[in-house]
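Hi everyone, thanks for making the time. Let me put the sequence and the model on the screen, and then we'll walk through them together.

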Amino acid sequence: MEFRILGPVQIYDDGVDVSVVPTGAKQRALLGALVVRAGQVVPAERLVDELWAERPPARAANALQAHVARLRRLLPQPLPGSGEPHHEWLVTRPLGYVLRLRAPTDAQRFHRLVAEGRALAATDPGRAVEVLREGLALWRGPALEGCGRGTICSTEAALLEENRLVALETLYDTCLRAGLAQEITGELEELTTTHPLRERFYELLMTALYRSGRQAEALGTYERVRRRLVHDLGIEPGPVLRGRMEAILHHGLPGPPAASGSAVRPLSAVGGQPGPGTGETARPVGPLHDEIAWLRHRLERLAREQRDLADRLDRLTARDVAGL
């Protein structure tokens, strides 16, 4: 038995390969909230807020009890003569209800696999890619889809979605460590389209394109995200993305890791690798180059701060003149 929330909430019985999905919106919201707080007593008042928000029915406690009774009927019971001990899934407590699990939820398995993949990334990136993809494959759609906008479900859904995006960033960074740049450019292109303001996906795409011998496309990707950020948010790309652009422009980005059985070194520790598609030695990223880049970023920051101070001075001066 597994409770699943990485997509529409459902109860999956592995023994008979059957998924049970509550049909009503209130039933889905109730099950979703109880799974999110599994093992904890969820106060009845919180569940009423989750199901009805600011418009609870006249007899909210009775209505909640009715939904709990319907949900209990959806939960599996041991077959007569099966020898399986009875397990009370949904338990009533003086202050509310608690869902008692017998196996991890799909969200818990996702977190475990991502943590395992992240731990493997430095020493065995190939295996780490497999583990991370296994975790991400558990997603069937938006987390807690169809569970309404209650505080418990909506907050957990937002957290899970952010965890999914971070896991994707970890996956593609690990793919680059494993020398799979050409294989992931298409996937990263889709992610930059789906999440056009998330700079990390652009940085990974630029690196993958560069290592695939497509320097011009990598630089074009930077211009694309810069225009988008300026148009939508009125800001320039951050220092990490600008630094990645300059490294690509000057062939200062390390090439793909060597295809050997040795451990893959972090990107920042690799220097002087052949430039992709050129057969030439790229300029190593040495202390002097790093210092120049740092000084350039520092000067840009100081220039912005100077402009901000000048604007504030102008506003204060205008206010003083108006008060005379």
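So, to start: among contacts in the protein between residues at least 6 apart in sequence, what percentage join residues at least 24 apart? It's 60%, where a contact means heavy atoms within 4.5 Å.

A word on where this comes from: it's a predicted model, where local features need pLDDT of at least 70, side-chain atom pairs count only at pLDDT 80 or more, and totals for chains, interfaces and linings use all residues. Residues are numbered from 1 along each chain as its sequence is written, and side-chain values use heavy atoms, with hydrogens and water left out.

Now the overview. The protein has eleven helices and six strands; these are DSSP runs numbered from the N terminus, helices being H or I with at least four residues and strands E with at least two. Of the 324 residues, 38% are buried, meaning under 20% relative accessible area with a 1.4 Å probe, protein chains only.

Let's begin at β1, residues 2-4, which pairs antiparallel with β2, residues 10-13, over three bridges. Pairing here requires that DSSP finds at least two bridges between the strands. E2 has Y12 as its bridge partner. The two strands make a hairpin with five residues between them, and G7 in the turn has a positive phi of about 135°. β2 is also joined by three bridges to β3, residues 18-20, again antiparallel, with D13 partnered by V18.

Next, there is an open sheet of three strands, in the order β4-β6-β5, with antiparallel pairing. Its edge strands are β4 (42-43) and β5 (90-92), each pairing on one side only. Two bridges link β4 to β6, residues 96-99, and V42 sits opposite Y97. Lying across β5 and β6 is helix α3, residues 60-74, at about 145° to β5. Angles run from 0 to 180 degrees between N-to-C directions, and axes are lines fitted to C-alpha atoms, for helices over the stretch in contact.

Who meets whom? L168, Y172, C175 and L176 in α6 meet A181, I184, E187, L188 and L191 in α7. Those divide into eight nonpolar, no polar and one charged, with Ala, Val, Leu, Ile, Met, Phe, Trp, Tyr, Cys and Pro counted as nonpolar, Asp, Glu, Lys and Arg as charged, and the others, Gly among them, as polar.

Notes
Buried means under 20% relative accessible area, exposed over 50%, partly exposed in between (1.4 Å probe, protein chains only).
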